[in-house]
Amino acid sequence: MAAMGHLGDPYALRSVADLPPPFRSVFGFRYFNSLQSECFPACFLSDVNMVISAPTGSGKTVLFELCILRLLSRFLSSEWRFNLIKGTLKTIYIAPMKALVQEKLRDWNMKLGSLGISCLEMTGDNEFYNTKSIHDADLILTTPEKFDSVSRHGIRDGGLGFFSDIALVLIDEVHLLNDPRGAALEAIVSRIKMLSRLGTMKIAPLANVRFIAVSATIPNIEDIAEWLAVPSEGIKRFGEEMRPVKLTTKVFGYAPARNDFLFERRLQSFIFDILMQHSRGKSALVFCSTRKGAQEAAQCLSQTASSLGYSNPFMKSMQQYEHLKEAALTCSDKQLQACLVHGVGYHNGGLCLKDRSVVEGLFLKGDIQILCTTNTLAHGINLPAHTVVIKSTQFFNKEKGLYVEYERSMVLQMCGRAGRPPFDDTGTIIIMTRRETVHLYENLLNGCEMVESQLLPCAVEHLNAEIVQLTVSDITLAIEWLKCSYLYIRIKKNPQHYGIKKEIPRELLEKQMKDICVEKIHELGEYGLIWTDEDGFLLKPLEPGRLMTKFYLKFDTMKLIVKASACCTLEDLLHIICHSAEITWIQLRRNEKKLLNEINADKEGRLWFHVVGANGKRKKRIQT
């Protein structure tokens with residue numbers, strides 16, 4: 001295999017003909033681009049772990065495909081015949097969002113189907129898999145949370161037999177580690193590392209599992225490399241020169257208003273001028289933090305446009321106007337109708353499915369130039385635009401009852417919609433934020449933001465899961481598990497970020513890690529989730545701990561359940577469920593308020609329990 005290709009010139013573009021004949025049809029082009037060519041030897045001619053950081057749209061998916069083909073080359077005969085033994089060498093592809101998983105699934109079913117490779121989607125949207133389909137799958141595509149929950153309670157009942165067949169782990173957008181959801185990714189990689197070291201796995205593919213991680217531009221790629229045991233030849237860092245679409249990025253800072261809500265409203269008045277200056281005549285997506293915000297931004301823009309009469313900058317021709325008038329009549333949302341005829345639309349979860357597809361169609365055809373939308377669009381349908389405007393970097397977090405900054409991966413996802421090839425050769429990103437946070441977003445867009453670990457706040461849940469699975473059966477293994485985490489790497493580099501004094505010497509840092517484990521184990525023991533011996537050395541799962549892991553419950557929710565008395569009423573149980581951490585994100589839709597108020601009024605006296613206020617009286621207006 002190593003004899004193939006032009007190994008003499010490291011800068012030459014590699015040809016698809018450098019691959020064995022059965023694999024060439026996977027790619028619909030003749031030559032790999034310069035990024036792919038530079039990574040070709042490490043991806044396809046070796047088995048080293050890799051971490052690659054490069055801008056969006058530079059062709060990183062092809063690197064995953066080369067690594068998959070490298071693994072599949074074990075099924076090639078000396079005459080280049082491909083004889084697949086189904087499910088015996090598994091690849092796990094992990095991406096932060098379901099939409100990304102589903103996009104890759106469609107792509108790889110088409111590309112790898114001719115080789116007989118079976119792909120299995122494992123997300124919340126697809127529950128139709130069983131032990132056999134997992135066992136037969138060659139490529140499992142999943143999100144961190146789903147793979148974590150599926151692999152949490154399978155070892156005991158033999159459902160995790162497939163784990164030993166994992167030979168390749170592909171991690172897309174590894175900078176997700178920086179977001180609160182990154183903890184699940186960290187947990188599953190630690191689990192795979194722990195299991196790969198077991199004596200029983202010595203002859204299994206898992207013993208030599210290969211990790212490939214790709215990310216946007218980040219400064220501390222070496223930390224991720226250390227975590228995934230990547231040698232120097234496996235670290236690949238590429239800059240903006242690899243971006244097929246040249247992006248202009250601007251971060252505008254605004255003075256604060258009396259409150260966050262008014263600040264959001266005030267930003268609306270700047271959007272029209274920003275679009276005129278940076279996006280004139282080109283398509284633009286305006287991301288707003290709420291459904292109402294998206295609607296109001298669209299109304300504000302369409303009013304400004306209509307006041308300009310024939311000089312409306314969003315209207316190019318009479319034909320476009322006629323199209324929009326016609327389309328508006330098919331929409332059931334009256335406010336949307338009024339915006340569309342001026343060349344502006346909005347798209348959010350409050351619109352019915354039919355209205356949403358009308359808007360998507362109009363935007364893709366170019367009949368509406370400006371689309372105001374919520375962040376859910378950023379990782380859903382592929383609607384790229386020349387310009388992306390992020391109107392405010394904060395959203396109202398209902399759990400905390402205040403405005404908080406978006407997760408970084410969400411901001412990058414929104415930015416990723418700007419200037420997507422082959423639609424444009426340039427793109428513009430505008431971020432509107434507060435003056436004091438301008439530097440944060442400049443760092444993020446310039447790839448200067450450090451990737452930190454998010455495991456510490458939910459380490460107790462993840463440690464409990466390992467105890468339940470019996471991967472951790474004593475305190476020594478608990479510390480070993482923590483040492484497999486990205487948290488361990490970052491605590492050594494930046495202890496202050498994790499609440500540890502900087503001047504602590506190395507040997508005391510080890511003690512600090514042990515203290516973290518002891519503290520989490522003590523909490524689990526205190527609430528009866530695990531059993532520990534008198535010395536606190538041996539660890540065994542108890543039924544409440546098993547239930548917490550099986551149903552992916554948060555520790556705070558489990559505390560409420562454990563504290564509930566055996567004779568609590570049905571109403572008490574409902575209160576426990578309503579106060580659980582898992583469902584605090586559920587939003588009240590505008591069109592549901594009236595119905596819920598009517599139900600709670602209960603004129604016919606059919607309800608057992610009502611929603612009551614602090615005074616114990618029935619609430620007239622339901623807010624949550």
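1. Domain bounds here come from an automatic or database domain assignment. For the protein chain this gives domain 1 (16-238), domain 2 (246-446) and domain 3 (456-552).

2. The model is predicted: local features need pLDDT of at least 70, side-chain atom pairs count only at pLDDT 80 or more, and totals for chains, interfaces and linings use all residues. Residues are numbered from 1 along each chain as its sequence is written, and side-chain values use heavy atoms, with hydrogens and water left out.

3. The pLDDT (the predictor's confidence in each residue, from 0 to 100) has a mean of 88 over the protein chain, and 94% of the residues reach 70 or more. Residues 1-7 stay under 50 throughout, yet the model has 20 contacts (heavy atoms within 4.5 Å) for them beyond four places in sequence. Where pLDDT is low, the predicted coordinates should not be read in detail.

4. The centres of domain 1 and domain 2, taken over C-alpha atoms, are 35 Å apart. Nine residues from domain 1 and eight residues from domain 2 make up the contact.

5. Between domain 1 and domain 2 about 890 Å² is buried, 54% of it from carbon and sulfur atoms; buried area is the accessible area (1.4 Å probe) that two parts lose on being put together, summed over both. Of the area that domain 1 buries against domain 2, Met97, Asn178 and Asp179 supply 43%, more than any other three residues.

6. Which charged pairs meet in a salt bridge (a side-chain nitrogen of Lys or Arg within 4 Å of a carboxyl oxygen of Asp or Glu)? Among the pairs are Asp260 with Arg434, at 3.2 Å from N to O, and Glu79 with Arg81, at 3.7 Å from N to O. Both Glu79 and Arg81 are exposed (over 50% relative accessible area, 1.4 Å probe, protein chains only).

Key
Buried < 20%, exposed > 50% of the residue type's maximum accessible area, 1.4 Å probe, protein only.
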